[in-house]
Amino acid sequence: MSDIRSLEPNALWNCFADLNAVPRPSKREDRVVAFVRAFADRHGLTSILDSAGNVIIKKPATPERQDRPAVIMQAHLDMVHKAADGLNFDFDTQGIDMWVDGDWVRARGTTLGADNGLGVAAILAVLASKDLSHPPIEALFTLDEEQGMGGALSLQPGLLTGKTMLNLDSEEDDTFTIGCAGGVDTLARLDYTESIHGPEEPYIAIHITGLRGGHSGLQIHEGRANAIKLMARILSACGAEVVALATMRGGSARNAIPAQCTAQIVILDQPRFDEIFCKEVEGIREEFRYVEPSLSITTQPVKPEHGYIPTMADHVQRPFVLALQAVVNGVYRMSPVVPGLVEASSNLSLISLGNGHAEWSGLQRSSVDSSKADVARAFAAPFEVMGSDEMNCPEVRQDAGYPGWSPSAESPILEKMKTIYRELFGHDVKVSACHAGLECGVIAIAYPGLDMISFGPNIHEAHSEKECCSISSTQKFWKLFTVTLAAM
């Protein structure tokens, strides 16, 4: 960790190292909230806990900026907790183990927490500073961003006075984001009839591992494989006459492309299974050899826990597996307005099946409310037609979702920061919207009329154990951030 703490800007990296020693999963942010509030106390600053649990820390302006209006700086406290397959890592007791790899900071086998820890650390470093020029600061630290933007959705009105907000949750240092997609979560569950098989029948596990995974918004257009969809493809090709499905587990987070999936099956026809499985795996490997070079599909014998093996009844397995294979996943529609921007997408995120009960979920995104509703209905449709006289219909429900953030090309903070960027770095910055969920549109519900912009350093492979951040890019981001504050 000493290598991390010696990096420049020293104040930022030390705050990041301290933060990464604190567990901060979504919906269980009590320890990181306590950490941030204790940080405020140590620096003689006022901290407020709103009714949703979000933290606001206020710092007065430096003497030369006291006549300026307050600026809001915002980042979210939670991070995606994900470890590599087979790694024994306890996020509740172990801090993130970081190391320097040339120009990159990485974690050993886990998510790094640069999303959005670098944004939090940058704000903390400004709050602690004695020599940075800035106007009055209102630092807003939100909760539960990664699991549905719960903190932003419940943000208490009336506590912030600033009219300009800097969101520090973007991942490309040459791009200002001024718009983003909204999202809706679709969750489904099914209680199903089981069949019983004897322990003498061939019982194996199929493991799909080694996929790149990644952010289900930012990487959805790259054609990365979804482990749950690949497993559904294999099971569908085999059919209920060849295999009986006992258990299935896949995915790690609602907003991550599933990088692994395991299914336990009883083989009903060994010769047919061997033929179909080999053919399907060969096809998958060939199709994804450029996109997923580390893809692994293996089998392993399983010892039954009891004297029998419960599986999904074949009259349930057929429609269920077909629905999994048919469900919309990936890019749904490209934007006709912004070249190269995904307008709508869907990601089959999580599945847990066994002992007569199945639950699965997906996240649908769009920058247009009508197409968000459309893609969410398309995701739900294959499951809503599964019911019959022989089986229950799955219970499918969708949450209220969160709104997108509509771009404004006439934003004063955008024009100011475009000028600053050009003066600092000698070229124009890109201005874009992104196909990820940012909290800006949600925060605007409680604080309408905010002039907002999102920016940040280069972060790659967020939401996966390959997550990393660029050191030189973080230095660039810090320079832009502090010069902007001094000019406000």
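## The largest pocket

Let's start with what lines the largest pocket: 14 nonpolar, 16 polar and 11 charged residues. Here Ala, Val, Leu, Ile, Met, Phe, Trp, Tyr, Cys and Pro count as nonpolar, Asp, Glu, Lys and Arg as charged, and the others, Gly among them, as polar. A pocket is an open set of points on a 1 Å grid over the protein atoms alone, where a 1.4 Å probe fits, with protein on both sides within 12 Å along at least five of seven lines; lining residues have an atom within 4 Å of a point.

Of the 41 lining residues, Glu-172, Leu-218, Cys-434, His-435 and Ala-436 lie nearest the centre. Strands (at least two residues) and helices (H or I, at least four) are DSSP runs, numbered from the N terminus.

## About the model

This is a predicted model: local features need pLDDT of at least 70, side-chain atom pairs pLDDT 80 or more, while totals for chains, interfaces and linings use all residues. Numbering runs from 1 along each chain as its sequence is written, and side-chain values use heavy atoms, leaving out hydrogens and water.

## A buried asparagine

Asn-116 sits in helix H4 (residues 114–128). Is Asn-116 buried or exposed? Asn-116 is buried, at 2% relative accessible area (buried means under 20%, exposed over 50%, with a 1.4 Å probe and protein chains only). Beyond its neighbours within four places in sequence, Asn-116 is in contact (heavy atoms within 4.5 Å) with residues including Ala-75, His-76 and Asp-169.
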